[in-house]
Number of protein chains: 2
Amino acid sequence: MSRPRQTVTLTADLVILTIRDGVLCVLVVERGNEPFAGRLALPGGFLRGDESLDQTAARELSEETGMNAEKLVLRQVGVYSAPDRDPRRPRVVTCAYLAIAPDLPLPAAGSDARSARWLPVAEAQRSGLAFDHDEILRDAVELARAELQFRTIATAFCGDEFTIGELHAVYEVIWGVKLDKPNFHRKVTESDGFIVPTGGKRPTPNGRPATLYRAGGATTLSPPMMRPRSTGA
Amino acid sequence: MSRPRQTVTLTADLVILTIRDGVLCVLVVERGNEPFAGRLALPGGFLRGDESLDQTAARELSEETGMNAEKLVLRQVGVYSAPDRDPRRPRVVTCAYLAIAPDLPLPAAGSDARSARWLPVAEAQRSGLAFDHDEILRDAVELARAELQFRTIATAFCGDEFTIGELHAVYEVIWGVKLDKPNFHRKVTESDGFIVPTGGKRPTPNGRPATLYRAGGATTLSPPMMRPRSTGA
DNA sequence: GCAATAGTGTCTTTAAGACAATATACT
DNA sequence: AGTATATTGTCTTAAAGACACTATTGC
């Protein structure tokens, strides 16, 4: 026990995903301070003395999006702790969280007033983020893709009321595949507790109006909705 | 930025699972120091200055079991950071790791010489562990149960060479269900890259000798081996 | 032969996938 | 009517589950 114990500061970084105009987007902020000043990064914040890291993440989420975290999906992705991931001292270790939001009006430039904005995930990955946020983003998106198979989180991308067509689009955009619409319809309506009809209908520009649904009580999908495995062509 | 940043110490705690005599067991240590002196706890250790937390976990694992972590399953379960989870100051936050080991001879009471021993998970949960380790253990076991469905981690419970009967027992013990042996046999032999025959056979006390296999190259099972969902009777 | 464990065959049931057909709106 | 979108029907295929049956050992 003679070896010194490393003390660190802890942050919660958020990967907030949403779908805008059929494109998967992530909320990014432009850093105002060093290190990486001016670069794009994931939003995040430091752990405070009276809270758990999960609470830190929930607080940051509501600061960034204005939504209360109670109703949003918020899930740990993992801990990122490479010694050189952040040049600051004491060492900064982060726990990444995945959050899923409906298509919000815009990230309210809150009291914090950082320049937060939605960026297509593909662009974020192309341009490169600060710290090890590229790796975090990649892991979080991969987690979302996997979770879509077994949990009812897809509804978190939609508003309170949504159509099966919208839910269908969520799966297609995030998985990057085409799914048969009739089969998808049967699958989600027959899955117990996934979605429940509200009674209303939403008119379409031209075409039959779609039945409206809201998220049901279930959190898991059984049987799961397996992502089509790409044929190893 | 006027609010003080909380500094913490970080630990990696290990949930090392194995199967002994058909019972799922976890490695526990008796604590020598306060807090919780004399109580049973999960093994773990503090982050050092030159390593990542994943490396801390790998180091602890090889110290406790004598196995090199390269070959063992080692996976983050989550971060546990409730402000009052540990009375020490500065605050102690832990990241729990799930490790899976074959039936080792015995935890070598290594240089560390703590009294480490295998304890059936059910007993550990009944008697209660130090800190929030009951919660960590529960989460880790639940993660193992889920991962068995989609990844090839079941082979990590077996030695280098094993029979399909042994693999079958792994699933039955961890899921706590009976699985049809003929169907299980077909399932695992037809799953690509899950197990490969070594060519050898293992004699049984009395009965037909079983073909020996070793772990194949695949890490994921496709299609997955879904855990039978308990009929909501 | 008998007991015991490993492994195969076959039938049934369930879920997934392809895709035709119908329903309900708007212009 | 014609177009567009939603929803239902039907057939085919793949996987899961039940369980009878065969195979190979020791005694």
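Between chain B and chain A the count is 0 salt bridges, a salt bridge being a side-chain nitrogen of Lys or Arg within 4 Å of a carboxyl oxygen of Asp or Glu. The model is predicted, so local features need pLDDT of at least 70 and side-chain atom pairs count only at pLDDT 80 or more, while totals for chains, interfaces and linings use all residues. Residues are numbered from 1 along each chain as its sequence is written, chains are lettered from A and ligands numbered from 1 in the order in which they are written, and side-chain values use heavy atoms, with hydrogens and water left out.

Polar contacts do occur across this interface: the rule finds 11 residue pairs, both residues at pLDDT 80 or more. A polar contact is a pair of N or O atoms within 3.5 Å; within protein, one must be able to donate a hydrogen and the other to accept it, and residues adjacent in sequence count only if both atoms are side-chain atoms. Several elements of chain B supply at least two residues each to the side that touches chain A, namely strand E1 (7–20), helix H1 (53–65), strand E5 (73–80) and strand E6 (92–100). Helices (H or I, at least four residues) and strands (E, at least two) are DSSP runs, numbered from the N terminus. Of the elements, E1(B) gives the most to this side, with 4 residues.

In total, 34 residues of chain B are in contact with 34 residues of chain A, contact meaning heavy atoms within 4.5 Å. The area buried between the chains is about 2700 Å², and carbon and sulfur atoms give 61% of this area. Buried area is the accessible area (1.4 Å probe) that two parts lose on being put together, summed over both. In chain B, Arg5(B), Gln6(B) and Val79(B) lose the most area to chain A, together 17% of what that side buries.

Strand E1 (residues 7–20) of chain A pairs with E1(B) in the antiparallel sense over 3 bridges; pairing requires that DSSP find at least two bridges between the strands. Within E1(B), Val8(B) is the bridge partner of Val8(A).

Within chain A, the side chains of Glu147(A) and Arg75(A) meet in a salt bridge (2.9 Å, N to O). Because Glu147(A) lies in helix H3 (residues 133–150) and Arg75(A) in strand E5 (residues 73–80) of chain A, the pair ties together parts that are 72 residues apart in sequence.
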